[in-house]
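Subject: Structure for your review

Dear colleague,

Please find below the structure that I am handing over to you. My notes on it follow directly after.

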Amino acid sequence: MDSTAANIKNRLGIAGATCQGCAHKIRVALEPLVTDSAMVEVNIEQQTVTLPPGIDPTDAARRITEAGFPAQILDAGSTVAKSGCASKATSFCSGEKGDADEAPVPKPASAPSDSNANNDSNANNTSNANNDGIQLAVTGATCASCVSSIEKALKSVSGVTHAHMNLADNTASASGQVASQALINALESAGYGASVIEDPDSADERRQQQDRKRHRTLLVKMAISLSLGVGLMIWGMGFDSMTIDAGNQTIWINLGLLTLGVMITTGGHFFTSAWKAFAHHNANMDTLVALGTGTAWVYSMVVAVFPEALPEMARHVYFEASAMIIGLINLGQALELRAKGKTSEAVRRLLDLRARTARVIRDGQEQDLLIEQVRKGDQIRVRPGEQLPVDGIVREGNTRIDESMLTGEPMPVSKAEGDNVSAGTLNNRGSIVYEATRVGSDTALAQIIRLVKKAQGAKPSIGRLADKISSVFVPSVMLIAIAAALAWYNLGPDPVVAHMMVAATTVLIIACPCALGLATPMSVMVGVGKAAEYGALIRQGEALQTAGKINLVILDKTGTVTVGKPAVTQVHAVEGDELHLLALAAGLEQHSEHPLAHAIMEKVWQNKLQPADITGFDSLSGKGVAGQHNGDTLRLGNRRWLADEGLDVTPLDQAAQSITDNAGTPLFVALGTRVLGVIGVADAIKPDSRAAIERLHQAGIKVMMVTGDVDAAAKAICASAGIDDYRAEVLPEDKSEVVNDMRKKGYTVAMVGDGINDAPALATADVGFAIGTGTDVAIESAAITLMRGSLHGVPDAIEISRATVKNIHQNLFGAFVYNSLGIPIAAGLLYPLWGIVLSPIIAGAAMSMSSVTVVTNANRLRLFKTSHTINNRSRQELNQ
Amino acid sequence: MTFFLVNLTGLALMAAVVWWFWLAPTDPKTQR
């Protein structure tokens, strides 16, 4: 790189970055190139990345593109990054006439509608370049090997920059400049069925219907094959030796053919799937089932047809094993399907919140319309007990609305004219008329559903390990099976042929990678859903994993630890009562626009007081306000001003000190020469902040606060909220520096802020928590969004994250232990010691049980309760 | 003779698995 280049700040155009989480990903992608990733400026609004001087823009563009955000260089004459993926970014940018000066920013193109796709013959079908990618419903995927085969097939399609398969809900997504038909073709040729998910909601319903149907079919198939298997076993053991001789040869040949028929009808799908995978140099769970049951059947048929070709001891048939294995695996899949359905309960509950109709007032007429017909600006009437159909602003009436389903906040919230209301919430009492502001897929509820679904499909890094292993797993098992057969042939006792077949079949059957494939996605799905129940929306799968490792939580002060708006905290009156003092203060403050004045007026309204009559109002900057009341001068202001006016404020020193100690501002009230009292105004600490911080401490997490406030105020807040450490007088833009410093010291840092002015700090932290009140919070602004204003959301999310990661570990451990113990036992390792040889039937049952165990363990997470809930419940029980 | 044949077949099968799943070129149509 030349010296000129070293001084130039290069700018890149990006696509698909929608939030601060994406900005964080981009910074992480550039970490190997820059000394401090905070120096990389990511502008989400303009979709640009400005690199610090001296960074190779081509390399940076390549890394950003690989991170999933197609990038191109803007300030170097639109030179395009020379990576394969980035060149695709150019191709879709060229659709906007590629003139970097006029249209410097490659806008993320959303997937065009069907009609567009049909009109565009070149695109062939839906073309995509957005971050969410094309969503596909995939059929035929059964195990971890399928996941890697599907991702491999999708990535092999030209134009795909990122592909991801979620086995838990059988959906795949691919992003990049690609036609959906090409993706479907790739998946079909890899042996899977695929269709584009146009409408995720109807796709969900369709999938549920298909799952129910498949569940029934699997049970029928299971019943048929198990009946045959058990029948053969009973007959073989009770009435026949299952060893071929001249007397039973014909019967067994016929029974073999019957078994073949049953295998084809009830287990045909294993064989077709195995063949399709094999033809594409892939192997999956079906390969093992097909090989195992196929080997047992072929061997048995050879024994039945040519018994004399084998030694007498080896003339045993295993038809019952083939039938029973297929039956047991069908049973396992049916149980798995049922348990899988339960994991998406959280989303289903959210979907159920949607109202079907709305009572719309148009032209003075009230009419019930379908929710799809409601337009922005419509006036909607909601009666007590009804669900709100769309988002809007209250225009008439007041009520209390239960928002718990969206925010986790249990108390109904008062709503009056001008307040925002959200779709899916429940009107408790009172009838209101409100104006629709967001309808259809724009409502907060729809966004939350989208977000939860997306996060549920995410794969944290822990899951990628399982994928890597499973991609080489099945062929490795095949090698082990052949090796075991050879070992039995060379070292085993007679009948060696029978032992070879049994060992190979058992190894193939027991080695089920389905548990491995389900271990991570199942737990993630339940964990994300559980977090949503507690009002914590996890936007990135990675955040779910990282949140559990957090050992330092940095809190923003205003709006996070504190309520975010000043309120009257203390009133000390020397003369008269406190309410009279407030009424006098309100008389002055009703003329003022100062935030402290609002705090006093709010208190006065709450107490339904009448402000005192004031004439000649005057505002004295840096001092206070003054006016005439009953012929005397009424003053409200700081200590120094009143002292300068010759008033003695010392009797109130102690009260003023107490206000200051609690991070408040003391406002002295004086009438004429008499000092009447002092009013403390402070941004009060939220009632549950201290308890939430205590929970973080109990979890072994250090808590720190950053604020722009002066040292004394910060210190006071920390003391009363129980915060360990603080940084005061920090400018909003420097908060990310504090986060960075703490990360460099080795902490895994969570930053909790309001998601708007703390955005850079949220993006810099390992996990950013955006905290908001109600549904107004911008849910796109951090990795985790807390829907209710309470800080309890942070320990809740951390506890859920820890429980989820623990659950994933248990699942992976179970899957690995199962395979590492099962395979050697199946191969016959225990035979030399104790003469134990595993039956292929037991192997089939064990294989089914392994995946059922994983799914059941993941479902256990649904019962998880955070320590806050448990404590609350026990308190309630104590009170009863 | 059978001893050699069986072992040879086993080894050949193992080699075929390694070749087919790891070494053989995949379908050029789906090559990246």
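Strand 22 (567–573), helix 22 (639–644), strand 26 (665–671) and strand 27 (674–682) of chain A are the elements against which the buried residues of helix 23 of chain A pack. Please bear in mind that this is a predicted model. Helix 23 of chain A covers residues 653–661, and its buried residues are A:Ala655, A:Ala656 and A:Ile659. Viewed down the helix axis, these buried residues fall within an arc of 100°, and they therefore line one face of helix 23 of chain A. The face of helix 23 of chain A that is turned away from the buried side carries the exposed residues A:Asp653, A:Gln654 and A:Gln657. After helix 23 of chain A comes A:Ala663, which has a positive phi, near 60°.

I also looked at one position elsewhere in chain A. A:Val230 lies in helix 8 of chain A, which spans residues 200–238. Is A:Val230 buried, exposed or partly exposed? A:Val230 has 14 other C-beta atoms within 10 Å; a residue counts as buried at 20 or more and as exposed at 12 or fewer, so the class in between applies, and A:Val230 is partly exposed. In sequence, A:Val230 and A:Ala321 are 91 residues apart, while their C-alpha atoms are 9.2 Å apart in space.

Turning to chain B, the model gives it 1 helix and 0 strands. Chain B has 32 residues, of which 3% count as buried. In the interface, 15 residues of chain B are in contact with 15 residues of chain A. On the side of chain B that touches chain A, the residues comprise 8 nonpolar, 5 polar and 2 charged.

Finally, a word on confidence. Chain A has a mean pLDDT of 78, and 82% of its residues reach 70 or more. Within chain A, confidence is highest in strand 28 (residues 702–706), at a mean of 93, and lowest in helix 4 (residues 84–93), at 32. Over residues 76–131 of chain A the pLDDT is below 50, and this stretch has 116 contacts in the model beyond near neighbours in sequence. For residues 1–6 of chain A, pLDDT stays under 50, and the model has 4 contacts beyond four places in sequence.

With kind regards

Technical notes
Residues numbered from 1 in each chain as written. Chains lettered and ligands numbered in written order. Predicted model: local features only at pLDDT ≥ 70, side-chain atom pairs only at ≥ 80, totals over all residues. Helix = DSSP H or I, 4+ residues; strand = E, 2+ residues; numbered from the N terminus. Contact = placed C-beta atoms within 7 Å. Nonpolar A, V, L, I, M, F, W, Y, C, P; charged D, E, K, R; others polar. Arc of directions from axis to C-beta. pLDDT = per-residue confidence, 0-100.
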